[in-house]
Amino acid sequence: MMRVLSFGLFWGLGACAAALPPQPYPLATDVALLSPNDAVHNFIAVVETLEPVAETMCRQKDPALNCDFLIVVDATPDAPANAFQTLDDTGRPVVALTVPLIAQVRNRDELAFIISHEAAHHILGHIAQQNETAMTGAYILGGLASILSGGDEEKARKGAELGAQIGVRTYSKSFELQADALGAVIAQRAGFDPLKGAEFFFRIPDPERSLLPSHPASAERFATVQRAVAQM
């Protein structure tokens, strides 16, 4: 059954359960917007079709996993175009899309692929893995900073923060590609075209051009979807 909520300040819901959710999409802000009516109809139609497929695939992978997806609209004022996956304080998986994102996608295939990608993060256990790598990085670099500084607490704290950031980035690109591949399967099983959906990669700033990218290059992501579709 579809459950769609709209609320502001979404991060307050998931922060206590998942302090380090996967990095959101750096979506563009200069593309033509759908009319509010079309955007709402697209969102409802996609969620109604996609949610039961994502939940079925989630349960097939791990019957013990909480697969009761909650797909919501993040109506935070002035929020950028974004989509992300997190957990609420009961461990329930939440997929959130901001209003600007819903308005910017060109078709239902793009919207379905984005939601599928975020659902795949949960199915693949990426939040837990990312938290683990962050803690490992914080432990190693924080301990090293403490030793080198002679036990200086402030330097140890800054070292731990940097270590956590490095730990997250170490596997973030791999996580994104894994979610792209599984997301393509989810979208196709729900009756959408993942190749058409993944075309949105070429309408966003290419992470390859940024100094410290958290996402793979757009071409690499699209090629991952192509391989996933070919395997199906």
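What follows is a short chat about one predicted model, going from its overall make-up to a few of its details.

Q: In what order do the elements run from the N terminus on?
A: Starting at the N terminus, the order is β-α-α-β-β-β-α-α-α-α-α-α.

Q: And how many residues are in the chain, and what share of them is buried?
A: The chain has 232 residues, and buried residues account for 50% of them.

Q: Let's look at the strands, then; how many residues of β2 are buried?
A: Strand β2, which covers residues 70–74, has 5 of its 5 residues buried, so the strand is largely enclosed by the rest of the structure.

Q: Which residues of β2 sit on which side?
A: L70, V72 and D74 are on one side, while I71 and V73 are on the other, and with all of them buried both faces of β2 are covered. In general, the side chains of a regular strand alternate between the two faces of the sheet.

Q: What about β3, how many of its residues are buried?
A: Strand β3, residues 83–87, has 5 of its 5 residues buried, so β3 too is largely enclosed by the rest of the structure. One side of β3 carries A83, Q85 and L87 and the other carries F84 and T86, all of them buried, which leaves both faces covered.

Q: Does β4 run parallel or antiparallel to β3, and how many bridges join them?
A: β3 and β4, the latter made of residues 93–98, run antiparallel and are joined by 5 bridges. One example of the pairing is F84, whose bridge partner in β4 is A96.

Q: How many residues lie between the strands in that hairpin of β3 and β4?
A: There are 5 residues between the strands of the hairpin, and G91 takes a positive phi near 90 degrees there.

Q: In which sense do β2 and β4 pair?
A: β2 and β4 pair in the parallel sense, over 5 bridges, and V73 has L97 as its bridge partner in β4.

Q: New topic: how many disulfides does the count come to?
A: The count comes to 1 disulfide, formed by C58 and C67, whose sulfur atoms are 2.0 Å apart.

Q: Is that link of C58 and C67 left-handed or right-handed?
A: The link is left-handed, with -75 degrees about the S-S bond, and both C58 and C67 are buried.

Q: Moving on to aromatic rings, how many pairs are there in the whole structure?
A: A search of the whole structure finds 4 aromatic pairs. In one of them, the rings of F113 and F200 have centres 6.3 Å apart and planes at 55 degrees, so the pair is tilted.

Q: Where in the chain do F113 and F200 lie?
A: F113 lies in helix α4 and F200 in the loop between α7 (194–197) and α8 (218–231), so the pair ties together parts that are 87 residues apart in sequence. Both F113 and F200 are buried.

Q: And how are the rings of F113 and F201 arranged?
A: The ring centres of F113 and F201 are 5.7 Å apart and the planes are at 85 degrees, so this pair is edge-to-face. This pair also links distant parts of the chain, with F113 in helix α4 and F201 in the loop between α7 and α8, 88 residues apart; F113 and F201 are both buried.

Q: Which residues do the ring pairs link into a cluster?
A: The cluster is made of F113, F200 and F201, linked by ring pairs.

Q: What is the relative accessible area of F200?
A: The relative accessible area of F200 is 3%, which is under the 20% cut-off, so F200 counts as buried. The C-alpha atoms of F200 and N107 are 9.8 Å apart, although the two residues are 93 residues apart along the chain.

Q: Which helices each supply at least two residues of the lining?
A: α2 (36–61) and α4 (108–123) each supply at least two residues of the lining of the second largest cavity.

Methods: Residues numbered from 1 in each chain as written. Predicted model: local features only at pLDDT ≥ 70, side-chain atom pairs only at ≥ 80, totals over all residues. Heavy atoms only, no water. Helix = DSSP H or I, 4+ residues; strand = E, 2+ residues; numbered from the N terminus. Phe/Tyr/Trp six-rings, centres within 6.5 Å; stacked < 30°, edge-to-face > 60°. Buried < 20%, exposed > 50% of the residue type's maximum accessible area, 1.4 Å probe, protein only. Disulfide = S-S within 2.5 Å. Pairing = 2+ DSSP bridges.
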